[in-house]
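Biologist: Could you take me through this model and tell me what stands behind each label? I'd like to set every term against its cut-off.

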Number of protein chains: 2
Amino acid sequence: MKKHKPKRTRAHPFAYEGLDRVMHERARLSVLTSLLGQRDGLTFGALKQLCGLTDGNLSRHLEVLESAKLVEITKGLDHNRPLTVCRISSMGRRRFLNYLTVLEQVLLDAESATKGSAGELRTAEGA
Amino acid sequence: MKKHKPKRTRAHPFAYEGLDRVMHERARLSVLTSLLGQRDGLTFGALKQLCGLTDGNLSRHLEVLESAKLVEITKGLDHNRPLTVCRISSMGRRRFLNYLTVLEQVLLDAESATKGSAGELRTAEGA
């Protein structure tokens with residue numbers, strides 16, 4: 001990934017204003033990351049499984065994402081059984097990719113903060 | 001940064017269980033990233049400025065971080081004026097570095113999801 005810098009306020013270099021709460025919440029971050037590579041979308045069941053969420057939790061978070069127009073949800077039938085399919089919207093895709101550049105900046109800042117500490121970030125897992 | 005994989009549940013590959021809510025919340029993520037490179041800590045005023053937070057907000061988030069033993073706060077005097085200094089604790093440092101490896105995994109997953117889309121992540125800012 002190219003190390004480019006998203007816009008940031010010089011006065012508040014660690015404010016990370018682009019970490020929009022709608023996308024930053026852990027379950028919604030899971031859902032958006034799951035959907036990012038799926039042009040045809042994912043079924044409710046597949047999303048639930050990938051994100052390790054309960055029916056109720058996933059429904060609640062999908063409502064938030066749909067209200068923000070970040071995902072589109074279609075309800076149809078598959079062999080006469082209800083089938084819900086979720087897709088990331090064009091705007092959702094664009095906004096999520098921008099969000100990810102801010103997340104990348106957090107990692108770059110953390111990396112530069114630990115510079116000289118012999119690649120601490122790389123070995124954190126073994127700590 | 002080395003692209004190593006943090007532990008993840010195979011059954012729920014996008015669950016990102018390591019994104020601990022205490023550290024993931026945006027303001028607290030700002031505070032911890034600010035403190036990471038400061039062995040001697042930062043004053044309350046400096047943190048407020050770096051993170052773009054109000055007095056009340058910063059106090060509230062520091063309380064959460066202190067309760068979780070991720071930061072240590074010392075109150076002293078500087079020329080007879082009260083001076084609050086905040087430091088990341090050893091445990092806080094270790095846990096935050098582990099948290100960052102999960103954040104890195106989100107970026108790797110997103111990058112692999114957009115593979116074949118001509119480096120979409122790289123150009124998102126221009127979108």
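**Strands, helices and rings**

Modeller: Gladly, and let's begin in the sheet: Thr43(B) stands opposite Val85(B) in β3(B). This is a predicted model, where local features need pLDDT of at least 70 and side-chain atom pairs pLDDT 80 or more, while totals for chains, interfaces and linings use all residues. Residues are numbered from 1 along each chain as written, chains are lettered from A and ligands numbered from 1 in the order written, and side-chain values use heavy atoms, without hydrogens or water.

Biologist: How do you know that β1(B) and β3(B) pair?

Modeller: Strands pair if DSSP finds at least two bridges between them, and helices (H or I, at least four residues) and strands (E, at least two) are DSSP runs numbered from the N terminus. β1(B) and β3 (residues 81–88) of chain B have two bridges, in the antiparallel sense, so they count as a pair.

Biologist: What is the order of the open sheet, and which are its edge strands?

Modeller: The three strands run β1-β3-β2 in chain B, with antiparallel pairing. β1 (42–43) and β2 (71–78) of chain B are the edges, each pairing on one side only.

Biologist: Why are α2(B) and α3(B) called oblique?

Modeller: Axes are lines fitted to C-alpha atoms, for helices over the stretch in contact, with angles from 0 to 180 degrees between N-to-C directions. Under 35 degrees is roughly parallel, over 145 roughly antiparallel, 65 to 115 roughly perpendicular, and the rest oblique. The axes of α2(B) and α3 (residues 44–51) of chain B come within 10 Å and cross at roughly 120 degrees; these two helices are therefore oblique to each other. Contact (heavy atoms within 4.5 Å) involves, among others, Ser30(B) and Leu35(B) of α2(B) and Leu47(B) of α3(B).

Biologist: And the rings: what makes Phe96(A) and Tyr99(A) a stacked pair?

Modeller: Rings of Phe, Tyr and Trp (its six-membered ring) pair if their centres lie within 6.5 Å; planes under 30 degrees apart are stacked, over 60 edge-to-face, the rest tilted. The count by this rule is four aromatic pairs over all chains. Phe96(A) and Tyr99(A) have 5.7 Å between centres and 10 degrees between planes, hence stacked. Phe14(B) and Tyr16(B), at 6.2 Å and 90 degrees, are edge-to-face.

Biologist: Why are Phe14(B) and Tyr16(B) called buried?

Modeller: Buried means under 20% relative accessible area, exposed over 50%, partly exposed in between (1.4 Å probe, protein chains only). Phe14(B) has 16% and Tyr16(B) has 6%, so both count as buried.
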